[in-house]
Amino acid sequence: MTKEGKLIIFSAPSGAGKTTIVHHLLKKIPNLEFSISATTRPSRGDEKNGKDYYFISNEEFLHRIAKKQFVEFEEVYTGTFYGTLRTEIERIWQKGKTVIFDIDVEGGLHLKRKYDGQALAIFVQPPSLAVLKERLTARGTDSIEKLNERFIKAEKELDYAPQFDIILKNYDLQTACKEAEELVRNFLAP
Ligand code: 5GP
């Protein structure tokens with residue numbers, strides 16, 4: 001049996017800056033390791049299989065659901081699944097490290113409930129929905145249909161913020177990264 005460790009959950013609507021904050025923390029705090037999710041979406045830009053995500057087929061995803069290999073999974077966007085594999089958390093805990101997640105809001109709350117007492121759940125709050133839309137559009141990686149779906153979801157997700165342990169405002173990325181670092185260091189302090 002793997003000895004259980006701690007978890008740090010970063011959730012936010014897509015485009016709020018959580019991925020950048022998580023990457024910053026991974027650089028600054030050596031005891032953290034990123035939980036690589038499985039997804040059925042194709043890779044984007046210079047994303048690498050086994051580093052950013054495990055890119056798998058719909059068929060394989062369904063097979064893994066049937067085998068109960070996911071701690072949580074969701075159809076985040078229509079026809080596109082994302083999920084956290086149990087083996088991923090165990091792999092990281094086995095090294096004596098803390099797992100850090102970049103996960104959507106419902107998935108984040110699911111993990112928070114499941115690992116109550118071991119987890120710190122942080123909601124990254126963008127300055128406004130308008131700014132969020134600008135950031136998502138500027139990224140230029142999604143079609144208009146996909147962008148619209150992300151906007152609609154983002155609007156709903158903002159309502160979940162109070163259910164998290166902490167709401168971290170990301171109005172200025174550098175400040176948000178600094179604040180995140182302090183929060184995580186405090187949580188990990190013995
Ligand atoms: P993206 O396609 O932009 O990489 O991710 C879309 C959304 O899915 C983001 O909010 C991201 O955090 C979330 N996500 C990534 N991995 C998982 C996962 O394992 N489970 C859930 N529920 N959401 C995830």
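1. How far is an oxygen atom of the ligand from an N or O atom in the side chain of Tyr53? The distance is 2.5 Å.

2. The model is predicted: local features need pLDDT of at least 70, side-chain atom pairs count only at pLDDT 80 or more, and totals for chains, interfaces and linings use all residues. Residues are numbered from 1 along each chain as its sequence is written, and side-chain values use heavy atoms, without hydrogens and water.

3. A polar side-chain atom of Glu72 is 2.7 Å from a nitrogen atom of the ligand. For Asp104, an N or O atom of the side chain lies 2.9 Å from a ligand nitrogen. The protein buries 96% of the 510 Å² that the ligand exposes when taken alone (Shrake-Rupley areas, 1.4 Å probe).

4. The shell around the ligand holds 19 residues (a heavy atom within 4 Å). Ser37, Arg41, Tyr53, Glu72 and Tyr82 come nearest. By class, nine are charged, five polar and five nonpolar; Gly counts as polar and Tyr as nonpolar.

5. Strands β5 (70-77), β6 (80-85) and β7 (98-103) each supply at least two shell residues. β5 gives the largest share, with four.

6. Overall, the protein has seven helices and nine strands (DSSP runs: H or I of at least four residues, E of at least two). Its radius of gyration, over C-alpha atoms, is 16 Å, close to the 16 Å from the globule rule for 190 residues, so the protein is as compact as a globular protein of that length. That rule is 2.2 Å times the number of residues to the power 0.38.

Notes:
A polar contact is a pair of N or O atoms within 3.5 Å; within protein, one must be able to donate a hydrogen and the other to accept it, and residues adjacent in sequence count only if both atoms are side-chain atoms.
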